[in-house]
Amino acid sequence: MIQRFSPKDRRIWTFPAVHPCESVSPDTLLSSLITLSHTICSYRSKFFATQRRNAREMFRQISILLIFFEEFQDRQIVPSESVVLCFSELHVTFQKIQFLVEDCSREGGRLWVLMKSEFVVSQFRTLIRAIATALDVLPLDLIPVCNEVKELVELVAKQAREAKIDIDPDDEKAMKQVRSMLNQFEKGTEPEFEYFKLVLDHLEIKSWNLCKKEIKFLEEQIEFHFQSSGGEEREVPILSSLLGFMNYCRGVVFDTMDDRDDQTDVRCTMETVSCLNPEDFRCPISLELMTDPVTVSTGQTYDRSSIEKWLKAGNTLCPKTGGKLTNTELVPNTNLHRLIRQFCSENGISLGEQTRDITRTTVPGSPAAAEAMKFLSEHLTRKLVFGSRDQKNKAAYEIRLLAKASIFNRYCVVEAGAVLPLLNLLHSLDKSNQENAIAALLKLSKHATGRKEIVENCGLRSVLGVLNGGLTLEARQIAAATIFYLSSVKGYRKLIGETPGAIPGLIELIKEGNTCGKKNAVVAIFGLLLYQGNHSRVLETGAVPLLVDILSNFSDNPEVVPDSLAVLAALAENVNGKSAILETSSALNLIPRILPCSTSRTAKEYCVSILLSLCEHGGKDVISVLAKEPSLMNSLYSLITGGSSHGSKKARSLIKILQEASCSRLTVSDDQPVYFW
């Protein structure tokens with residue numbers, strides 16, 4: 001009877017209470033009311049940074065009513081209609097109270113609750129008055145419970161009617177202090193350090209990690225508001241201002257990171273780059289970039305809104321394959337969703353107002369947030385230049401986090417002059433310093449000015465130094481990803497390729513790295529191959545056998561296979577690359593067998609591109625080998641209907657070559673060819 005909502009599933013300050021249905025039995029209603037009361041009272045053990053007095057009053061009233069409910073249940077009293085009506089109204093009110101106290105004690109929400117004090121107080125006031133109203137219809141004189149309990153209920157009703165629910169003076173003072181500091185930021189003035197301490201002490205945010213949780217919460221709220229269809233983006237500016245405030249506090253107020261293990265999250269979620277075709281991110285129905293990809297029973301993926309419209313129209317077949325849908329279950333494709341978000345973030349692409357992501361913001365959410373970020377960037381840059389070893393490490397890590405959060409943050413950090421001291425930090429003999437520095441540079445290399453600063457400050461050799469001799473494997477992997485972003489600039493591809501140690505270093509990482517390292521190295525090579533002069537350099541390092549080996553161990557590194565195929569397809573565009581592939585044993589037999597097995601459309605299309613290039617270069621010998629693959633034709637026809645326009649065109653060309661070769665061999669007695677279509 002009680003709806004279960006996880007705090008993560010329910011937006012803060014929403015109270016989705018459900019009125020008990022008329023058919024519910026009085027016993028069930030009472031049991032549910034008792035359960036609700038216990039749940040609310042359990043929040044006494046939670047920490048309330050604000051609204052403490054109001055929360056205590058609420059807990060006190062409900063704990064008294066709980067005594068009444070339990071005695072009512074113990075005596076097995078048959079309730080009258082007016083009692084049931086009272087219990088029903090209390091049940092709705094208690095649901096809302098549970099949501100309210102849950103929100104007031106949310107992890108990471110202390111600053112936001114403080115700034116919403118006026119709204120929160122109005123909710124406490126409304127709900128306490130609702131208790132009084134519900135108790136007004138309770139015929140207490142007719143209920144056979146002991147007099148002491150009756151007196152307690154009457155006392156609750158009276159106090160609920162007369163209770164003074166106001167903002168705590170200390171909360172109000174802290175709220176006004178924050179507003180004053182945001183106004184100072186907006187005017188381009190840096191607030192005094194002690195004022196930050198006063199606010200943080202009031203909220204009992206006394207560590208770097210607690211500050212980080214506040215930031216995470218505010219980022220989530222901003223994203224919720226952008227996703228809202230109710231036009232609630234009016235709160236984004238204040239949320240953005242508070243986010244800037246907390247970012248400043250984390251970077252300036254707290255000198256040390258109390259949660260050292262926090263840095264390991266990067267290793268667990270190590271950023272990888274990809275050369276996947278963006279066409280894979282389009283919905284086969286709408287042909288638009290998917291914002292909420294879901295997979296149906298046939299294994300095909302569509303945008304949720306498109307496939308839902310298809311199903312509501314009464315269709316029972318898969319739009320792409322024509323196969324029968326065994327059920328209408330839509331399974332979220334979280335891996336594809338992550339790749340789409342990463343692709344959009346890196347390319348500044350917006351998926352529309354309903355799915356805007358904070359990582360794609362190129363402008364600050366408010367003037368105060370902009371100025372706070374500028375002051376913070378300057379502070380961190382000074383720490384990188386003049387700080388101790390630990391201070392430099394923390395500054396690099398702060399930049400790493402900030403640059404990941406938004407494009408505007410990257411701009412501010414670059415403008416503050418952080419690139420050069422970060423490059424200098426790459427030569428540190430401290431593993432953590434080097435890793436945080438190269439990770440920060442990776443994030444900054446996603447910004448055009450950041451890439452320019454790295455190269456113009458002679459940073460390429462420093463990055464390559466980490467690639468070839470980094471103190472940790474993670475640092476080397478991040479260096480490879482940085483090279484990929486640098487290679488996105490046309491003029492830098494030649495420079496990188498000609499720099500000693502660049503391409504050989506990537507090849508070594510393919511040999512020695514884990515899945516993440518291999519993937520980053522392969523994609524970096526792909527970026528360098530966009531300059532034709534680098535093809536011979538890549539071939540000279542023996543890249544082709546390495547890539548074919550990755551394909552032969554498909555199950556060990558499935559994430560690297562599409563990118564390996566992309567590199568082989570690029571190499572196969574010239575004569576030397578085609579020859580190198582054909583000279584590698586098993587390559588010609590291996591690629592056609594990957595085609596039907598791969599679940600990636602892009603990987604399939606790269607396979608076809610390679611085979612088409614090999615046919616054009618290798619002639620009859622290659623064609624004769626391909627003709628012996630029984631599943632090849634089916635895969636090619638499937639790609640014609642399910643591939644991109646470019647992939648379908650290449651599939652048709654390869655089919656034509658194979659059919660013409662087949663027809664030339666099959667003749668009847670009058671020497672007329674027999675065509676099979």
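A: Happy to! One term before we start: helices here are DSSP runs of H or I with at least four residues, numbered from the N terminus. Also keep in mind that this is a predicted model.

Q: Good. So which loop is Gln76 found in?

A: Gln76 sits in the loop that links helix H2 (52-74) and helix H3 (81-104).

Q: And is Gln76 buried or exposed?

A: Gln76 counts as exposed, because its relative accessibility is 69% and the cut-off for exposed is over 50%.

Q: What about the phi of Gln76?

A: Phi of Gln76 is near 55°, which is a positive value in a residue other than glycine. For background, most residues other than glycine have a negative phi.

Q: Where does Glu204 lie, and what is its phi?

A: Glu204 is in the loop between helix H8 (193-202) and helix H9 (208-227). The phi of Glu204 is positive and near 55°. Glu204 is partly exposed, with a relative accessible area of 31%.

Q: Let's zoom out. How many helices and strands does the protein have?

A: There are 33 helices and three strands. The protein has 677 residues, and 53% of them count as buried.

Q: What share of the contacts join residues at least 24 apart?

A: That share is 74%, taken among contacts between residues at least 6 apart in sequence.

Q: Now some helix packing. How do H10 and H14 pack?

A: Helix H10 (residues 236-253) and helix H14 (residues 367-386) have axes 8 Å apart, at an angle of about 15°. The two helices are therefore roughly parallel to each other, and their crossing is left-handed.

Q: Which residues meet there?

A: From H10, the residues include Ser240, Gly244, Asn247 and Tyr248. On the H14 side, Ala368, Ala372, Phe375 and His379 are among them. By class, this contact of H10 with H14 has eight nonpolar, six polar and no charged residues.

Q: Staying with H14, what span should its 20 residues have?

A: At 1.5 Å a residue, the 20 residues of H14 should span 28 Å. The end C-alpha atoms of H14 are 29 Å apart, which agrees.

Q: And what do the buried residues of H14 pack against?

A: They pack against helix H7 (169-186), H10, helix H15 (389-405), helix H16 (407-415) and helix H17 (419-425). The buried residues of H14 include Met373, Leu376, Thr381 and Leu384.

Q: What is Lys394 in contact with?

A: Leaving aside neighbours within four places in sequence, Lys394 is in contact with Trp208, Arg250, Gly251, Phe254, Asp255, Thr256 and Met257. Separately, the C-alpha atoms of Lys394 and Asn433 are 8.4 Å from each other, and these two residues are 39 residues apart along the chain.

Q: Which residues of H21 and H24 meet?

A: Gln477, Ala480, Ala481, Ile483 and Phe484 in H21 meet Cys516, Gly517, Asn520, Ala521, Val523 and Ala524 in H24. The residues of this contact divide into eight nonpolar, three polar and no charged.

Conventions: Residues are numbered from 1 along each chain as its sequence is written. This is a predicted model: local features need pLDDT of at least 70, side-chain atom pairs count only at pLDDT 80 or more; totals for chains, interfaces and linings use all residues. Side-chain values use heavy atoms; hydrogens and water are left out. Axes are lines fitted to C-alpha atoms, for helices over the stretch in contact, and angles run from 0 to 180 degrees between N-to-C directions. Angles under 35 degrees count as roughly parallel, over 145 as roughly antiparallel, 65 to 115 as roughly perpendicular and the rest as oblique. A crossing is left-handed if the near helix is turned anticlockwise from the far one by less than a right angle, and right-handed if clockwise. Contact means heavy atoms within 4.5 Å. Ala, Val, Leu, Ile, Met, Phe, Trp, Tyr, Cys and Pro count as nonpolar, Asp, Glu, Lys and Arg as charged, and the others, Gly among them, as polar. The expected span of a helix is 1.5 Å times one less than its number of residues. Buried means under 20% relative accessible area, exposed over 50%, partly exposed in between (1.4 Å probe, protein chains only).
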